[in-house]
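Subject: The structure I promised you

Hi,

Here is the structure we talked about, ready for you to open. Have a look around first, then read on for what turned up.

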Amino acid sequence: MASRLERITEQRLDSLSRIRARGIDPYPQGYHPSHTIREARVLFERQGENAQDISLAGRIMSKRSMGKMSFLDLRDSSGKIQLSFRYNLLGQERYEFLQEIDIGDIIGVEGRLFRTKAGELTLEVSDFAMLCKTLRPLPEKWHGLADVEKRYRQRYLDLISNEESKKIFILRSKIITAMRSFLDKQGFMEVETPVLQSQAGGAVARPFITHHHALDEDLYLRIALELPLKKLIVGGFDRVYEIGRVFRNEGISVQHNPEFTMLECYQAYADYNDIMNLVEEMISYIAGEVMGDTKITWRGKTIDLTPPWRRLYLREAIKEYCGIDFEDYSDVASLRSRMIEMGLEVDPDKGRGKLINELISIFVEPKLTLPTFLLDYPVEVCSLAKRKRDNARLVEKFEAYINGIEIANAYTELNDPVDQRERFQQVAMGEEIESGDEDFIQALEYGMPPTGGLGIGIDRLVMIFAGQQSIREVILFPQLKTKE
RNA sequence: GGGCCGCUAGCUCAACCGGUAGAGCAGCUGACUCUUAAUCAGCCGGUUCUGGGUUCGAGUCCCAGGCGGCUCACCA
């Protein structure tokens with residue numbers, strides 16, 4: 001006994017044979033519509049019912065047949081419009097061919113625009129062509145596709161049936177376009193650096209490993225863009241950026257996908273104060289470009305992104321929100337026992353930097369709803385940042401938060417090759433595995449100007465702009481386990 | 001990796017205490033020349049995620065597994 005799906009597919013294969021029997025190719029090479037649906041609507045505004053001889057192409061989304069007259073809804077990437085097919089106008093043969101058009105099929109139509117009695121703008125079809133016959137039915141028109149797993153695995157169905165989902169990815173594209181345009185206007189040059197690297201540096205994360213057969217050596221997928229970009233600063237490109245995919249072989253969650261998109265940019269002769277200004281200007285510029293406003297909505301709350309954002313010293317923030325002054329605890333042991341005193345569960349393998357990061361995520365992050373820069377981190381949390389001029393235990397690093405989500409990480413770049421080598425060595429001795437990159441240190445030995453650098457997690461930025469709680473909702477094809 | 005929850009027709013969802021697995025949409029047939037979640041009449045359609053077990057009888061209870069969601073851990 002055939003299932004419904006099999007029967008539907010059989011019926012459509014039969015339809016295909018009937019179409020071919022009429023000498024019609026159900027998968028023709030092309031079609032050149034005179035207008036998009038959006039353009040057609042504009043045209044009607046201007047010309048009214050003089051809008052004749054226009055052609056459109058798209059997917060049939062619904063079909064309402066009343067004997068000798070039928071209404072179909074046609075959708076292209078710009079919008080949706082109703083089509084009317086009349087027996088009188090098309091004649092028996094053409095009208096009967098309408099039988100072969102199913103919901104989901106892609107067709108081209110020609111005709112004139114008019115308004116129905118109900119006021120709906122409609123194309124009265126005088127001729128039409130099958131552009132692609134479909135073999136499977138679309139998800140239900142009213143509820144769309146709700147099954148989360150299916151939405152991710154078959155994103156195309158999600159995009160066809162859920163308008164909201166489609167809007168998110170349009171927004172994502174616009175955000176990246178606006179980001180590029182902002183940086184370009186600021187005199188930054190876009191570059192591309194290797195994804196395959198013999199050492200994965202620039203961050204602390206487990207990399208993906210792959211193998212190059214001809215070279216017979218293992219290579220790593222990059223976990224950050226940082227080191228090659230700074231080599232370009234050494235090379236004399238004073239403002240560079242890269243928007244690219246990085247890969248981290250770690251857990252998957254609502255905020256983590258194994259591959260994600262980062263912006264990193266570096267500006268010679270700048271420090272982290274300059275980068276703070278750059279970040280708040282860039283984010284509010286992007287908001288203006290993509291939403292026409294510098295205010296966004298997050299869980300019903302309105303958040304204003306207009307600069308200047310709050311600047312909050314990390315030490316003060318931790319003191320205020322959890323009562324610990326980390327300057328009073330200059331070694332791991334004392335900080336650990338203080339945290340245990342507070343009733344926190346403390347991983348004995350964690351170093352001072354990681355413990356402070358833990359305090360940040362537990363006590364501070366949830367408080368950072370409004371756009372905030374957290375600044376001046378202990379030297380242990382980042383081996384690539386330059387020390388404060390007046391306090392060698394701190395580095396000039398900041399993270400930007402919106403809605404408690406970290407969206408940017410930046411610092412005054414460490415350009416002292418001797419200090420850099422020592423810092424890599426300290427990290428290597430500790431539990432935090434960040435590989436020292438000899439090539440990179442060598443580059444620093446040739447001299448890198450004072451530089452400010454920035455990293456922005458684009459997926460998370462899109463989450464904030466789109467009001468989404470899960471990173472999978474802003475990545476077209478999020479990583480899922482292979483089925484069977 | 002741990003905890004909790006979910007998986008039933010192509011899609012969206014029902015099915016009480018374990019008692020013949022249903023509806024809407026989609027599809028098919030018929031009626032209908034301004035409908036728009038079209039309407040009306042009729043019809044078809046099931047490996048209830050998989051594999052075991054308990055039982056006279058399992059979508060439902062038990063065990064193991066798969067995939068997904070949330071969450072904790074880890075991280076950005």
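One definition before we start: a polar contact is a pair of N or O atoms within 3.5 Å. Also keep in mind that this is a predicted model.

With that cut-off in hand, go to T116. An N or O atom in the side chain of T116 sits 3.0 Å from a base oxygen of RNA strand B, so the pair is a polar contact, being within 3.5 Å. G67 reaches a base too, but with its backbone: one of its backbone N or O atoms is 3.2 Å from a base nitrogen of RNA strand B. E149 goes for another part of the RNA, with a polar side-chain atom 2.2 Å from a sugar or linking oxygen of RNA strand B.

Now zoom out a bit. How many residues surround RNA strand B? There are 55, and the closest are R4, R7, K141, H256 and K354. Sorted by class, the surface near RNA strand B has 22 charged, 20 nonpolar and 13 polar residues.

The largest share, 5 residues, is from α4.

Take α6 (residues 163-185) and α8 (residues 272-291): they pack at about 130°, and their axes are 9 Å apart. At that angle α6 and α8 are therefore oblique to each other. The crossing of α6 past α8 is right-handed. On the α6 side the contact includes L171, I175 and F182, and on the α8 side it includes L278, M282 and Y285. In total the contact of α6 with α8 has 12 nonpolar, 1 polar and 4 charged residues.

Then there are α9 (residues 314-322) and α11 (residues 352-364), with axes 10 Å apart and an angle of about 55°. That makes α9 oblique to α11. Their crossing is left-handed. From α9, the residues L314, A317, I318, Y321 and C322 meet I356, L359, I360, F363 and V364 of α11. By class, that contact has 10 nonpolar residues, no polar ones and no charged ones.

Last pair: the axes of α7 (residues 226-234) and α13 (residues 438-445) cross at roughly 20° and come within 9 Å. So α7 and α13 are roughly parallel to each other. α7 also passes α13 in a left-handed crossing. Here L227, K230, K231 and V234 from α7 meet D439, F440 and A443 from α13, which divide into 4 nonpolar, no polar and 3 charged residues.

Two backbone details to finish. Most residues other than glycine have a negative phi, and most peptide bonds are trans. Where do we find exceptions? D53, which is not a glycine, has a positive phi near 50°, and D53 lies in the loop between α2 (37-47) and β1. P307 and P308 are joined by a cis peptide bond, with omega about -5°. P308 is in the loop between β13 (301-304) and β14 (310-313).

Happy exploring!

Terms used:
Residues numbered from 1 in each chain as written. Chains lettered and ligands numbered in written order. Predicted model: local features only at pLDDT ≥ 70, side-chain atom pairs only at ≥ 80, totals over all residues. Heavy atoms only, no water. Axes fitted to C-alpha atoms, helices over the stretch in contact; angles between N-to-C directions. Helix = DSSP H or I, 4+ residues; strand = E, 2+ residues; numbered from the N terminus. Parallel < 35°, antiparallel > 145°, perpendicular 65-115°, else oblique. Left-handed = near helix turned anticlockwise from the far one by under 90°. Contact = heavy atoms within 4.5 Å. Nonpolar A, V, L, I, M, F, W, Y, C, P; charged D, E, K, R; others polar. Near = heavy atom within 4 Å. Polar contact = N/O pair within 3.5 Å; in protein donor to acceptor, adjacent residues only side chain to side chain.
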